[in-house]
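Student: I have a model open and want to go through its side chains. Can you take my questions as they come?

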Amino acid sequence: MNAYDWLQNLPFADPEAACKVVEVSFNNGSRKDFFRNNTLTVFEKGEQVTVEGVSGVDVGEINLHGEIVRIQLKKRGANEFDPEMKKVLRRANERDLELLKVNKAREPEALIRARAIARQLKLDMKISEVEIQADGRKATFFYIADDRVDFRELIKIYASEFKVKVEMRQIGARQEAAKVGGIGSCGRELCCSTWLTDFKSVNTTAARYQNLSINQTKLSGQCGRLKCCLNYELDTYLDALQGFPDRADTIRVARGTATLIKKDIFKNLMWYILPDSNKQYPLTIDRVRKIMSQNAQGIVPDELEAVDVTSSKPKEVEPEFVDVVGQISLRSLEKNDRRRKQQQQQQQQKQKTGAQQKGPQQGQARPSQQPQQKQQGSRPARPQGDRPQQGEKTRTDRPPANRPTRPQKPTAGPKNQGGTNPGNPNPRPPKAGPAGNPPTT
């Protein structure tokens, strides 16, 4: 129910010639009307304004202003300079908005009570909506009825019950659906509740022209009537059907009389069926015209000469199983793989260089670590002169204090004087004998 103002940002040479009429919407856009803006106030879309009502005032929202209002006036056949057009009084103040809120809160209860009264009077009608004016002096009752209803007694009861001026307005099922709103079968909001303002009659002929199956469930909208969208493409179908031959419902061939069942305007084909089979035969427009001319001359062709309607698109063949491991790769993955391989190569090179450096130093402790290792045990420090050369094996004569001593195995070979063994490069001091006796050799 909203219109986009596509002229709002366009400059005009003569501001005095601008349209002085604005369009105001009431009750969330369910009702709209035009009002003259004689004040010097410039209103923007969405502002709340106070306008003249029936025996009082009403509060609405600015829907359109500017030059686009003239287009809407021309569309609805209204006169811009009509002296009876109601006026915009002012911007809605706090008192007006508070009064509007109070009276709008009465509408649900009034709707329930109005339906109960109509049922008590046994009137064949349905009260769809109740709209109370902002100042609470008038109430409009929207109702649906198939036939004429005598509601003179109903108006008297409503006036005494609600203490307002009563106005009865009849609407159709489509207008009711527009007020209620909802989602259509297309998945979008209903056209009647968004942009469609004038409702045209829709019949099953529109569905037949479009070769649609006459299924009441699929063709009906939420209002219970045929969908309004059936009229959207009807003119296009009617223009396309002008190229098809008339009075081509039946044609005669040698096998019998062929009957037309449908027309395909997209492929320019006419589908016929023979009485002895259920098979459908698609014929071109030229072929149908040729058969019709032959039948007019008393000639009956042998065959219909149906065309092949198989799709010209080549059929997709499923590929057989192929091992494509290593053949499909993405550039981003290739970069990551290349980076990962470079890191692995660098780590392997570092490991190789570290192994080469540790090779010749396997039997020798680092000088910086030797004093710390000697301090950890209870052994005395070895003099610098006794340190073995590089490549020689180290051997301590005194075990640590916390470990038991092991007897050393005698080495083979003659012993030299002085207690030295040529098999042992480290000299060993001789053992001491009893007190007062010289050491034994």
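**Salt bridges and cores**

Tutor: Start with R137, which is exposed at a relative accessible area of 52%; exposed means over 50%, buried under 20%, and partly exposed in between, with a 1.4 Å probe and protein chains only. This is a predicted model, where local features need pLDDT of at least 70 and side-chain atom pairs count only at pLDDT 80 or more, while totals for chains, interfaces and linings use all residues. Residues are numbered from 1 along each chain as its sequence is written, and side-chain values use heavy atoms, with hydrogens and water left out.

Student: Which residue does R137 form a salt bridge with?

Tutor: R137 pairs with D135, and the closest N and O atoms are 3.9 Å apart. A salt bridge here is a side-chain nitrogen of Lys or Arg within 4 Å of a carboxyl oxygen of Asp or Glu.

Student: Is D135 buried or exposed?

Tutor: D135 is buried, with a relative accessible area of 16%.

Student: How many salt bridges does the count come to?

Tutor: The count is 18 salt bridges. One of them joins E47 to R91, with 3.0 Å between the closest N and O atoms. That pair links distant parts of the chain, 44 residues apart: E47 is in the loop between β2 (31–36) and β3 (48–52), and R91 is in strand β5 (residues 88–91). Helices (H or I, at least four residues) and strands (E, at least two) are DSSP runs, numbered from the N terminus.

Student: And what is the relative accessible area of E47?

Tutor: E47 has 22%, which makes it partly exposed. R91 is also partly exposed, at 40%.

Student: What about E305, which side chain does it meet?

Tutor: E305 meets R287 in a salt bridge, 3.7 Å from N to O. E305 lies in the loop between α9 (285–296) and α10 (331–358) and R287 in helix α9, so the pair ties together parts 18 residues apart in sequence. E305 is exposed at 52%, whereas R287 is buried at 10%.

Student: Which residues are linked in a network?

Tutor: R31, D58 and E131 are linked by salt bridges in a network.

Student: Switching to helices. Which residues of α1 are buried?

Tutor: In α1 (residues 68–76), I68, V69, Q72 and L73 are buried. They sit on the same side of α1, because they cover an arc of only 145° around the axis, taken from the directions from the helix axis to the C-beta atoms. The buried residues of α1 pack against β1 (21–26), β2 and β4 (57–64). After α1 comes G77, with a positive phi near 75°.

Student: Now the largest nonpolar core: how many residues has it?

Tutor: It has 21 residues, and those with the most contacts inside it are M125, I127, F141, Y158 and M168. A nonpolar core is a set of buried Ala, Val, Leu, Ile, Met, Phe, Trp, Tyr and Cys residues joined through side-chain atoms within 4.5 Å. At least two residues of this core come from each of α3 (107–120), β6 (126–132), β7, α4 (152–162) and β8 (165–170). The largest share, 5 residues, is from α3.

Student: What does F141 touch?

Tutor: Not counting residues up to four places away in sequence, F141 touches several residues, including A114, Y158, F162, V166 and M168. Contact means heavy atoms within 4.5 Å.

Student: Which residues does the second core include?

Tutor: That separate core of 18 residues includes L241, M270, L283 and V288.
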